[in-house]
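Here is a short tour to read with the model open beside you. We will look at strands, charged pairs and a couple of individual residues.

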Amino acid sequence: TDVTNCNLTDGTITITPVGGDGPYEYSLDGINWFTNGGLFTNLAGSTTYIPHVRFTSGQCEETLSPVTIDEPSFPTVDSYNTSNPSDCGADDGIIDIQASGAGSVQYSIDNGDSWSSNGYFDNLEPGDYFPVVRKGDGTCELYFLIVTLSDPPQPFITSVVPTNPTDCGALDGTITINASGGISPLEYSIDNGQSWQVNGGTYTNLGPGIYNILVRNTDGTCEVLDNMPITLEDPPQATIVQVDTTNISDCDAADA
């Protein structure tokens, strides 16, 4: 009987003698002899054996035809590709394994907990995956190295420093955004992503208003929103509450 799975040693050979009075001795190489009833177990595959049988007296040795114990072969991996998620928080990573072999092939990316007849796995979130390929009958599992799918590196807003306009109606307010990490050069926005600039995070000539701060990677990925919108305000404006007047008291007087 052949080996039942790749890398196993469970092949067997049974030699059954006919004739003679026995008892018998058995060998698979003509050198080492056993009184095991002719049953040899735990044999390796892809190996050829030459069975022998003789009386325990050593007489009448018979050499049989060579016997080859076969074993199944692992699937052949034809292609193997991975793709990380395209953006922070995206679940569009890909693991694509294409293999061939005798019969059908099955695929797993969770270390064999579940199997698929299709080796293309998409909509994957960041994390560790454990790809395995096997034959359709469940034999010859072929394990891969752990695959780690990762988001693009995310930028971080470390501080936002605003200065209000110096005078009522003046357009000289500023916002300075300090950020780190991510893929440089970082892009900055103060209008909730409607427009972006790449020449640093400093904005000048700003009037009063509410500004929503965003930072992202240079390839447009991993937008980070500052939790607190920035409000620029004019200085408090004086208000005329009342104007009192008194008339001149006499002709030519100057006492109004």
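This is a predicted model: local features need pLDDT of at least 70, side-chain atom pairs count only at pLDDT 80 or more; totals for chains, interfaces and linings use all residues.

Strands here are DSSP runs of E with at least two residues, and helices are runs of H or I with at least four residues, both numbered from the N terminus. Residues are numbered from 1 along each chain as its sequence is written, and side-chain values use heavy atoms, with hydrogens and water left out.

**S27 and its surroundings**

- S27 is buried, at a relative accessible area of 0%; buried means under 20%, exposed over 50% and partly exposed in between, using a 1.4 Å probe and protein chains only.
- The S27 side chain comes to 2.7 Å from the backbone nitrogen of G30. This is a polar contact, meaning a pair of N or O atoms within 3.5 Å; within protein, one must be able to donate a hydrogen and the other to accept it, and residues adjacent in sequence count only if both atoms are side-chain atoms.
- Setting aside neighbours within four places in sequence, the contacts of S27 (heavy atoms within 4.5 Å) include W33, F40 and H52.

**T14 in strand β1**

- T14 belongs to strand β1, which covers residues 11-14, and T14 is exposed, with a relative accessible area of 53%.
- Not counting residues up to four places away in sequence, T14 touches G38 and L39.
- Between T14 and Y26 there are 9.7 Å from C-alpha to C-alpha, and the two are 12 residues apart in sequence.

**Salt bridges**

- How many salt bridges are there? The count is five, where a salt bridge is a side-chain nitrogen of Lys or Arg within 4 Å of a carboxyl oxygen of Asp or Glu.
- One of them joins the side chains of E25 and R54, at 2.8 Å from N to O. E25 sits in strand β2 (residues 24-27) and R54 in strand β5 (residues 52-55), so this pair ties together parts that are 29 residues apart in sequence.
- E25 is buried, at 14% relative accessible area, and R54 is buried as well, at 18%.
- R54 also forms a salt bridge with E61, whose closest N and O atoms are 3.9 Å apart; E61 is partly exposed, at 38% relative accessibility.
- Together, E25, R54 and E61 are linked in a network of salt bridges.
- Another salt bridge brings R216 and E223 together at 3.7 Å, N to O. R216 is buried at 17%, whereas E223 is partly exposed at 45%.

**An open antiparallel sheet**

- Strands of a sheet pair through backbone hydrogen bonds, either parallel or antiparallel.
- In this model, three strands make an open sheet in the order β16-β17-β19, with antiparallel pairing; two strands count as paired if DSSP finds at least two bridges between them.
- Which strands lie at the edges? They are β16 (155-163) and β19 (202-206), each pairing on one side only.
- On average, neighbouring strands of this sheet are turned by 15° against each other, direction ignored. Axes are lines fitted to C-alpha atoms, for helices over the stretch in contact, and angles run from 0 to 180 degrees between N-to-C directions.
- Eight bridges hold the antiparallel pairing of β16 with β17 (residues 173-181), and T163 has T174 in β17 as its bridge partner.
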